[in-house]
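Open the model in your viewer and keep the selection panel at hand. Each stop gives you something to select and tells you what is there.

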Amino acid sequence: MTSAADRIFCAVDTTELDAAQALCRQLAGLVGGVKLGLEFFVAHGPAGVRAVIGEDGPPLFLDLKLHDIPNTVAGGVRAALPLKPAFMTIHTSGGPAMMRAAVEAAAQAGVQRPKILGVTVLTSMDDGDLESVGQRTPVAEQVVRLATVAKASGLDGVICSPNEVAAIRRACGPDFVLMVPGIRPAWAAKGDQKRVMTPAEALAAGADHLVIGRPITGEADPAAAARRIVEEIDG
Ligand code: C5P
């Protein structure tokens, strides 16, 4: 059985290499993995990722949200394979051919292949934003539609907000991986996150993994914050 700590990916959202390395050291053994995203990757590239994760570092969630023609996305996934990410992200709105190409590229890594997760509708967009780019479907419906297409195209799962978990779980079944940001322990500041759940609530709703950033990284003692979150989940 996986422990509560294994479910947590800490979002290391920084362009500072030293800070990312220090955080990783502090969180060793306390979280299930580390999420490095676009800002860190643009600043430091694969060498920076290696410098943070190291040879036997924590599982890597490489969150680059790739979105391009199938051939280019497949090339991006292949280029990332030497970093041995456990998870990578692509945009589901790139369509079935693009998603299949990403999955095929990931499969070249064999048993150690990264799981490919899809981004559905960015949580920064509401119904009005979707309409302004010509999509009349309400966000909630479009999220489930894209998750369903993602599953049919071979993706391992999607990133989704806590309030989308139940509907996607219903539509895509128990084996579809749901990686969920927008998590706030009761004692943490919400910051710019509007629709949040506590770690225990999100897991009870059906989340597989939790992406938690500032409630850990913004604390004076990140290791203590991670421990406190795990203790809360375990109740
Ligand atoms: O600091 P916080 O816990 O809000 O960090 C959440 C992480 O998850 C950030 O890296 C953020 O970019 C990411 N994320 C999110 N909401 C989404 C998709 C990704 O907060 N819908």
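Start with Thr89, a residue of strand 4. Strands here are DSSP runs of E, at least two residues long, and helices are runs of H or I of at least four, both numbered from the N terminus. Before going further, note that this is a predicted model: local features need pLDDT of at least 70, side-chain atom pairs count only at pLDDT 80 or more, and totals for chains, interfaces and linings use all residues. Residues are numbered from 1 along each chain as its sequence is written, and side-chain values use heavy atoms, with hydrogens and water left out.

**Stop 1: around Thr89**

Is Thr89 buried or exposed? Thr89 is buried, because its relative accessible area is 0%. Buried means under 20%, exposed over 50%, and partly exposed in between, with a 1.4 Å probe and protein chains only.

Now show side chains. The Thr89 side chain makes a polar contact with the side chain of Asp63 at 2.6 Å. A polar contact is a pair of N or O atoms within 3.5 Å; within protein, one must be able to donate a hydrogen and the other to accept it, and residues adjacent in sequence count only if both atoms are side-chain atoms.

**Stop 2: two lysines with positive phi**

Select Lys65, in strand 3 (residues 60-66). Its phi is near 45°, a positive value in a residue other than glycine. Lys65 is partly exposed, with a relative accessible area of 34%.

Go on to Lys84, in the loop between helix 3 (70-80) and strand 4 (87-91). Lys84 is not a glycine either, yet its phi is positive, about 50°. This lysine counts as exposed because its relative accessibility is 54%.

**Stop 3: Thr14**

Move to the loop between strand 1 (8-11) and helix 1 (17-27), where you will find Thr14. Thr14 is buried, at 14% relative accessible area. A polar atom of its side chain lies 2.9 Å from the backbone nitrogen of Glu16.

**Stop 4: Lys35**

Select Lys35 in strand 2 (residues 33-37). It is buried, at 10% relative accessible area.

**Stop 5: the ligand**

Now look at the ligand's oxygen atoms. A polar side-chain atom of Asp13 lies 2.7 Å from a ligand oxygen. An N or O atom in the side chain of Arg184 is 2.7 Å from a ligand oxygen. For the side chain of Arg214, the distance from an N or O atom to a ligand oxygen is 2.7 Å. The protein covers 80% of the 460 Å² of accessible area that the ligand has on its own. That area comes from the Shrake-Rupley method with a 1.4 Å probe; for residues, only the protein chains shown count as cover.
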